[in-house]
Amino acid sequence: SGIETSADMTKWVQVDLGASRDLDRVVLFGAWDDFHGIGAGFGFPRRFHVEASDDASFAGATATIASHETADFANPGTAPQVFPAHGQRARFVRLTATKLAPRQGDFIAALAEL
């Protein structure tokens, strides 16, 4: 994401699967950055939720796949974070970060893969 001066900014990324599909799981992979020893999990959101929908705007029916918004999520490094989707049918998957990760006096959201 763009760099922010506050952690309490909302950023999101969305994947279009091309057609509605039965989802088994959503997997998030943390980023790696070796610039100045930043390391594994660079920018992994502290608080976030993952949703699925057939509506690209997410204004219609959505299903919550994961919600980690009441407490900070520990930086997982590059270990895959697996969230079961229990066969939810959807075309779009969206990760919304509601609390960004600290960087160096500012905040960011980053993933290697969704």
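Biologist: Hi! What counts as a pocket here?

Modeller: On a 1 Å grid over the protein atoms alone, a pocket is an open set of points where a 1.4 Å probe fits, with protein on both sides within 12 Å along at least five of seven lines. This is a predicted model, where local features need pLDDT of at least 70, side-chain atom pairs need 80 or more, and totals for chains, interfaces and linings use all residues. Residues are numbered from 1 along each chain, and side-chain values use heavy atoms, without hydrogens or water.

Biologist: How much space is in the largest pocket?

Modeller: About 180 Å³, counted as the space filled by probe spheres set on the grid points, which are joined across faces, edges and corners.

Biologist: And which residues line that pocket?

Modeller: Among them are Ser-1, Trp-12, Pro-45, Leu-95 and Glu-113, with lining meaning an atom within 4 Å of a point. Strand 1 (11-28) and strand 6 (81-99) each give two or more residues, and strand 1 gives the most, with 3.

Biologist: New topic: how many helices and strands?

Modeller: There are 0 helices and 8 strands, taken as DSSP runs (H or I, at least four residues; E, at least two).

Biologist: What about overall dimensions?

Modeller: The C-alpha trace spans about 40 × 25 × 25 Å along its principal axes.

Biologist: How much of the chain is buried?

Modeller: Buried residues (under 20% relative accessible area, 1.4 Å probe, protein chains only) make up 39% of the 114 residues.

Biologist: And the contacts between residues at least 6 apart in sequence?

Modeller: Of those contacts (heavy atoms within 4.5 Å), 76% join residues at least 24 apart.

How values were computed: Buried < 20%, exposed > 50% of the residue type's maximum accessible area, 1.4 Å probe, protein only.
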